[in-house]
Structures are given as structure tokens and as C-alpha cells.
Amino acid sequence: MSTLDATVSMLEAMPEDARIKVMEFTKSLFTSRKPANPFVPLSQEQILSDLAGSRQQTSEGKGLDMEDALKEMGKQHGFI
């Protein structure tokens, strides 16, 4: 299942009032005069450091399969 398919599936499973809230939030991202990006810019050094840490965790078997992680998040937030 693609990310798009999973997203559509979660939206279809949501109650109507929750879907309306998602739609209102999504519209606000496009109509806001302020940048909606919650992420602060990172330096190249920070990105490479984070990547090295991530690779280390993966090599130690501490990584998560993305599909499993998305399913778990969906269950935690009531989408699945």
C-alpha cells in the first residue's frame, strides 16, 4: 500500500467531524500568510550527524519498518 493509499484509507475511516477538521487545517496551510513549516532549518553538519546516528541505529537493528510504524501510528490515533 502506498503512502497515498494509506492516507486515503485513514481519511475514509475517520468520523465526518474529524475529516472536516483535517480539511480546515489543510486549507489553513494554503491560505495562511505565515509559513506553515514547523521545522527549523538545519545545518549540513546537523543533517549529517543525524544521518550517521540513524544509520548506526539501523545497523544495530533498532530501526522500524515504515509500513509497521505507519500502522502503529494509525492505531494510536484511531485511524485504523
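## The largest pocket

A pocket is an open set of points, on a 1 Å grid over the protein atoms alone, where a 1.4 Å probe fits, with protein on both sides within 12 Å along at least five of seven lines. A volume is the space filled by probe spheres set on the points. In this predicted model, the largest pocket has a volume of about 340 Å³. It is lined by 15 residues, and the closest to its centre are Ala6, Met10, Leu70, Lys71 and Ile80. Lining residues have an atom within 4 Å of a point.

Helices H1 and H4 each give at least two residues to this lining. Helices are DSSP runs (H or I, at least four residues), numbered from the N terminus. By type, the lining holds seven nonpolar, six polar and two charged residues. Asp, Glu, Lys and Arg count as charged, and Gly is among the polar ones.

## Ser2, before H1

Ser2 sits in the segment before helix H1 (3-13). A polar atom of its side chain lies 3.0 Å from the backbone nitrogen of Asp5.

## The ends of H4

H4 covers residues 66-76. At its start, a side-chain oxygen of Asp65 comes within 3.3 Å of the backbone nitrogen of Glu67. After H4 comes Gly78, with a positive phi near 80°.

## Basis

Residues are numbered from 1 along each chain as its sequence is written, and side-chain values use heavy atoms, without hydrogens and water. Local features need pLDDT of at least 70, side-chain atom pairs count only at pLDDT 80 or more, and totals for chains, interfaces and linings use all residues.

Technical notes:
A polar contact is a pair of N or O atoms within 3.5 Å; within protein, one must be able to donate a hydrogen and the other to accept it, and residues adjacent in sequence count only if both atoms are side-chain atoms.
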